Amino acid sequence: MTATWPEGVIARYLTVGGATVDITHQYNVLTPPEAYATLASCTGCPATSEHSHYRMVWGMTAQREEHHPGAADRDALAWAQAHAEKCRAMPKQEA
């Protein structure tokens, strides 16, 4: 029987040790209702990787911020896959 995913988890990878790497969107008061980042975090060890949805673009005379949530999601998923392939940490047992 599979356990339900925690609220907000949009993707999940199983690590070699049996923990999971969960992908979530991060929100703050400055960017509602849009997420500002995609976070990959391992439930077996303290490893995390945050990927911003906003990228600075430099022009000839100015800079601007562009919103790229798809790129952030892809980067977080790639990090999660790579981490899950090598992490041997076991998930903490529930009490």
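**View A. Contacts of T15 in the predicted model**. Beyond its neighbours within four places in sequence, T15 is in contact with T20, V21, C42, A84, C87 and A89. T15 belongs to the loop between β1 (9-14) and β2. Its relative accessibility is 4%, so T15 counts as buried, the limit for that class being under 20%.

**View B. The largest nonpolar core**. Ten residues form this core: A11, A19, V21, I23, A40, C42, A80, A84, C87 and A89. Two or more of them come from each of β2 (20-26), β3 and α1 (69-86). In soluble globular proteins, nonpolar side chains tend to be buried together. Among the core residues, V21, C42, A84, C87 and A89 are also contacts of T15.

**View C. Surroundings of A19**. With neighbours within four places in sequence left aside, the contacts of A19 are Y13, L14, C42, T43, G44, A89, M90 and P91.

**View D. The largest pocket**. The space in this pocket is about 200 Å³. By class, the lining has two nonpolar, four polar and two charged residues.

**View E. K92 in the segment after α1**.

**View F. Strands β3 and β4**. Strand β3 (residues 37-42) runs antiparallel to β4, and five bridges join the two. A hairpin of five residues connects β3 to β4. T38 has H51 as its bridge partner in β4.

**View G. The two faces of β4**. Strand β4 spans residues 48-52. S49 and H51 are on the covered face, while T48, E50 and S52 are on the uncovered face. In a regular strand the side chains alternate between the two faces of the sheet. H51, on the covered face, is the residue bridged to T38.

Notes
Residues are numbered from 1 along each chain as its sequence is written. This is a predicted model: local features need pLDDT of at least 70, side-chain atom pairs count only at pLDDT 80 or more; totals for chains, interfaces and linings use all residues. Side-chain values use heavy atoms; hydrogens and water are left out. On a 1 Å grid over the protein atoms alone, a cavity is a set of points where a 1.4 Å probe fits but cannot get out, and a pocket is an open set with protein on both sides within 12 Å along at least five of seven lines; lining residues have an atom within 4 Å of a point. Grid points are joined across faces, edges and corners, and a volume is the space filled by probe spheres set on the points. Ala, Val, Leu, Ile, Met, Phe, Trp, Tyr, Cys and Pro count as nonpolar, Asp, Glu, Lys and Arg as charged, and the others, Gly among them, as polar. Buried means under 20% relative accessible area, exposed over 50%, partly exposed in between (1.4 Å probe, protein chains only). Helices (H or I, at least four residues) and strands (E, at least two) are DSSP runs, numbered from the N terminus. Two strands pair if DSSP finds at least two bridges between them. A nonpolar core is a set of buried Ala, Val, Leu, Ile, Met, Phe, Trp, Tyr and Cys residues joined through side-chain atoms within 4.5 Å. Contact means heavy atoms within 4.5 Å.
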